[in-house]
Amino acid sequence: MPNLKHLSCLLPLCLTLIVFACVWVLPTPYWWVCSECSGTWSGFGLLLGHSEKRFFLMLSLVTLATQTFGLAYTQQKKGQLRLQIGLFLFFIVMFGFVVAQHLLVLLFFWELLSILSFFLIAFKNDETEAVQSAVFVFALTKVADLGLLCFVGGFWLHFGRLDWAFLQKESIQNLPAWLAWSLVLAGLGKSAQVVFFWWLPAAMKAPTPVSALLHAAALVTTGILLWSKFYILLVTKSHFLFYSGLVTVLMATFFALFEKEAKRVLALSTVASMGLISMTLFSKDSLLAQEWLFYHGFGKALAFVCVGILCVRPNSFGILTKRITYWAFLFTIAYLLGLPLSGISQSKSLFMSVLSMNFQILFGLCLACSALILGKCFALLPVPKDKNKQPATSFFMEALPIFVLLTSILALGFGWLGTNMSARFMNDAISFLFMSGLSLLGYFIAQKIPPAAFFNNTLAQIKAAIATPLLLSQTLVHLENTLTRSAVVLMKSVVVFGHIAKRIDTYFIDKLVHIPVWAILQFEKGGNHSLGMAAAAMLWSIAVFLCVLGCWWLL
């Protein structure tokens, strides 16, 4: 008789396939507008255009691969169903964010991504470090949430509506400067740019399937996608986006050279990639950034799957799977460096063609830094050996995510094939050889530079500095003590948690959730609808934040 618990873990995977099939058959562009909506919700709609459908294809394939990898990764481990459900919810919420065409809906999915990332990073809630990292990531990305909240309120006050289909160059005259800067702040925080890049290495406490989805197609890409949606408002800030990406790449390279874990080095490689992609917005063409995200997602997902097999759980996979994974990771490095005729290589070439000589030198420096990081990551990868080999319980289940992502790269990663193939191949080959040489330099540098302890110490100090003002350090101590008690004490604590849940329901749910409604009614009585909506949005965000803290207390 089949194991019902194991079959239930396949349900989220089947739901992902169903959603993918249902969305993929829709015509493009597919535009749905609520004709009955009025007032604040006027113009509410969903748009599945060509670029949205391409991103959805990448998101679906990466999610299917990570879910399949999660089945082998958590084999005979607790929480397998919880992990599968979390990955599926991440997939649904990210798709809602991509197709949203109304700012309140966009803000709703934006907040859901933060909440889901908190619970997925704290998946191993019996480990204090995992919970601390989740709190750190949640607190740091709240700065981005505040930026988007200010943008929503300012957009409503300036235009009197919350959809953006009407935006043209003529409609953004006399736009307040702080409105564009709030949008920049939201993107910087969510895409781990400049000083906000600290949260991405901290998120590596999550299981590797979560890291693969988060780095390839989910949370870290939302900032770039947000800038792409509203790039018409950021034309005057293109120089700032270029230089912020430059600083991000340099900072990621510096800390990657002293890192000793392959998974964290790969996270810093994602930081550098996000910096490079944000620099492409300097070309005043948001489509180029979206295309680079599409091609980057497949390669980064495959890289995390390979690192998870070879470094994180090497004893859970067979020797044949590890050998295939090793060569697959080598191919992934070459793809991310820019194989000739690949989409990533074409994206780099197109962006370089619109830059002046000075900007070309700076962008080439950033490409060199990203190659050094990938070489350092390859140096930390162990070579699979025959000794201490473990029998593969299911070779098909272990190798399936690798074959899915490899097939996706070969079928979709070389999509920009056109005329002048020979000339383009020569240019790409020369660039690839140069990048490969720099990657080898990073490989040899990794053999000479010992890991520095100050990196981890600095990160711990930043975590403590953020946790203390939020009064979370005491909560972490209580959580750690509770998880280490005996079973009898834990049973008694259920009663205490019941009282806490009752208080949360009384003061958070009944009071805070009704405060935004009360604010809207009060301001509508005075005829000030816009101020009422701004106050309601602010109070709603505070209510969500406090409710999440209350739920985290009950973990």
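So, let's start with R54: at 22% relative accessibility, this residue counts as partly exposed. The cut-offs here are that buried means under 20% relative accessible area, exposed means over 50%, and partly exposed is in between, using a 1.4 Å probe and protein chains only.

A quick word on what you're looking at. This is a predicted model, where local features need pLDDT of at least 70, side-chain atom pairs count only at pLDDT 80 or more, and totals for chains, interfaces and linings use all residues. Residues are numbered from 1 along each chain as its sequence is written, and side-chain values use heavy atoms, with hydrogens and water left out.

Back to R54. Which residue forms a salt bridge with R54? It's E291, and the closest N and O atoms are 2.8 Å apart. By salt bridge I mean a side-chain nitrogen of Lys or Arg within 4 Å of a carboxyl oxygen of Asp or Glu. R54 is in helix 3 and E291 is in helix 13, residues 286-312, so the pair ties together parts that are 237 residues apart in sequence. When I say helix, I mean a DSSP run of H or I with at least four residues, numbered from the N terminus. E291 counts as buried, at 9% relative accessibility.

By that rule, the count comes to 6 salt bridges. Another one joins K142 and D145, with the closest N and O atoms 3.2 Å apart. Both lie in helix 6, residues 128-159, and they sit 3 residues apart, about one turn of the helix. Buried or exposed? K142 is buried, and so is D145. These two also belong to a network of salt bridges that links E111, K142, D145 and K190. Then there's E259 with R264, whose closest N and O atoms are 3.3 Å apart. E259 is buried, with a relative accessible area of 3%, and R264 is buried too, at 8%.

Okay, helix packing. Two packed helices are described by the angle between their axes and the distance between the axes. Helix 3, residues 50-73, and helix 4, residues 80-99, have axes that come within 10 Å and cross at roughly 175°. The axes are lines fitted to C-alpha atoms, for helices over the stretch in contact, and angles run from 0 to 180 degrees between N-to-C directions. That makes helix 3 roughly antiparallel to helix 4; the cut-offs are under 35 degrees for roughly parallel, over 145 for roughly antiparallel, 65 to 115 for roughly perpendicular, and the rest oblique. Contact means heavy atoms within 4.5 Å, and among the residues making it are F55, F56 and L59 of helix 3 and F88, F91 and F95 of helix 4.

Some of those names come back in the aromatic part. The structure holds 31 aromatic pairs. For a pair, the rings of Phe, Tyr and Trp (its six-membered ring) have centres within 6.5 Å, and planes under 30 degrees apart count as stacked, over 60 as edge-to-face and the rest as tilted. F56 and F95 form a tilted pair, 4.7 Å centre to centre with 50° between the planes. F56 is in helix 3 and F95 in helix 4, so this pair ties together parts that are 39 residues apart in sequence. F56 is buried, and so is F95. And F20, W24, F56, F88, F91 and F95 form one aromatic cluster.

How values were computed:
Helix = DSSP H or I, 4+ residues; strand = E, 2+ residues; numbered from the N terminus.
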